[in-house]
Amino acid sequence: TTTTTTTTTARDAKHAEPPRAYPQQQGRADQEDPGLVSSGKATRAPPPYGQRERSGFVPRRATDYGDGGAFPEIHVAQYPRDLGRKDGKGKHARGQTLALGVSGTGGVDYGALHRQGGNRGKTVYADHSAIVPSLKGEGEGALGDLERPSKEAEEETKRRTMLALQGKVDTVLSASQPKHIAPRPGEARYVKYTPASGQLASGSAPTQRVLRISEAHVDPLEPPKFKHKKVPRGPGSPPVPVMHSPPRKLTFEDQQDWKIPPCISNWKNRKGYTIPLDKRLAADGRGLQEVSINDNFAKLSEALYVAEGKAREAIEMRGKIQREIQTKEKQKKEDELRQLAQKARMERAGLGASSGQGGAGRGSPG
């Protein structure tokens, strides 16, 4: 964004011209701003299409656009009605773009981004050079000017470098020329050789020879003469011996223990075999599980048995008490009925006696 703004500013300065008045177009008076018409100021209308480039028309102010937008045939930065302007001059500018600054060493000053807002006016170290000692300058961390090599040292280094490069180039060029033979690698060795007496012809004396031994040339494009084969890995440490118990005769129980039922799936039977129920249950693994009953079940059963006995005793006692109560009530009712019957008999006996005395009295006077 900063680079674009700088380029646009330079281009605008190149095309800058003094302000001039443009002829007002016919038929545009009714479309002008009412405020401008009422104030009596004339509106500057841009030249018609096709005459803007030839006349050198460059829009600079908001009035140069009339009531329209930018002109695409004019290649300069245009801000009609100050739309998109970010240089702080337009009404839509927000001041969020910083100007490109240069530090004391000539580089871009990126520390300006850190000296905004709350850090304004403070010293902010935003460069890598703030934490490393300076090579130049005066201060506690400065190292001073480094000592440069002299002119003679530079020439000597240059000469040795040229000789080394020239030697490599000459070696490659001499090997590519057929009239020259490339030097053999390594240095030659000279050895005295005396043949054995058995290798000489009859009657000839052994003579010493001086042999020159040097390495032969190797063609870099020649295929390898030897094929490297991977040798199988040798045996490692011997395995740990497994101690077995002495052999013994296999019993029927052992055979039954080692008898593994076939794997029968409860979901798949692709071949449609009729599998017996005992085999299917054996494959389920139920026979391999040991059923263990908790001791609390026995305690619960015993507690229920005791509770049932006590409940029976309580019921029998309540029944016995109710029968006794009923017997007593029945005896009481029988006593009451007996008393009533006795009282009725006594009343009847009293009435009979009184009636007999009355009849005897009435019969005696007659």
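**Salt bridges in a predicted model**

Residues are numbered from 1 along each chain as its sequence is written, and side-chain values use heavy atoms, leaving out hydrogens and water. The structure holds seven salt bridges (a side-chain nitrogen of Lys or Arg within 4 Å of a carboxyl oxygen of Asp or Glu).

**Helix 3**
- Arg160 forms a salt bridge with Glu156 (3.9 Å, N to O).
- Both residues lie in helix 3, four residues apart, about one turn of the helix (helices are DSSP runs of H or I, at least four residues, numbered from the N terminus).
- Glu156 is partly exposed, at 34% relative accessibility.
- A network of salt bridges links Glu156, Arg159 and Arg160.

**Helix 6**
- Arg312 and Glu308 pair in a salt bridge (3.2 Å, N to O).
- Helix 6 (residues 295-363) holds both, four residues apart, about one turn of the helix.
- Arg312 is exposed, at 55% relative accessible area.
- Glu308 is partly exposed, at 40% relative accessibility.

**Loop between helix 2 and helix 3**
- Arg52 meets Glu73 in a salt bridge (2.7 Å, N to O).
- This pair links distant parts of the chain, 21 residues apart, with Arg52 and Glu73 each in the loop between helix 2 (34-39) and helix 3 (151-176).
- Arg52 and Glu73 are both buried.

Definitions and conventions. Predicted model: local features only at pLDDT ≥ 70, side-chain atom pairs only at ≥ 80, totals over all residues. Helix = DSSP H or I, 4+ residues; strand = E, 2+ residues; numbered from the N terminus. Buried < 20%, exposed > 50% of the residue type's maximum accessible area, 1.4 Å probe, protein only.
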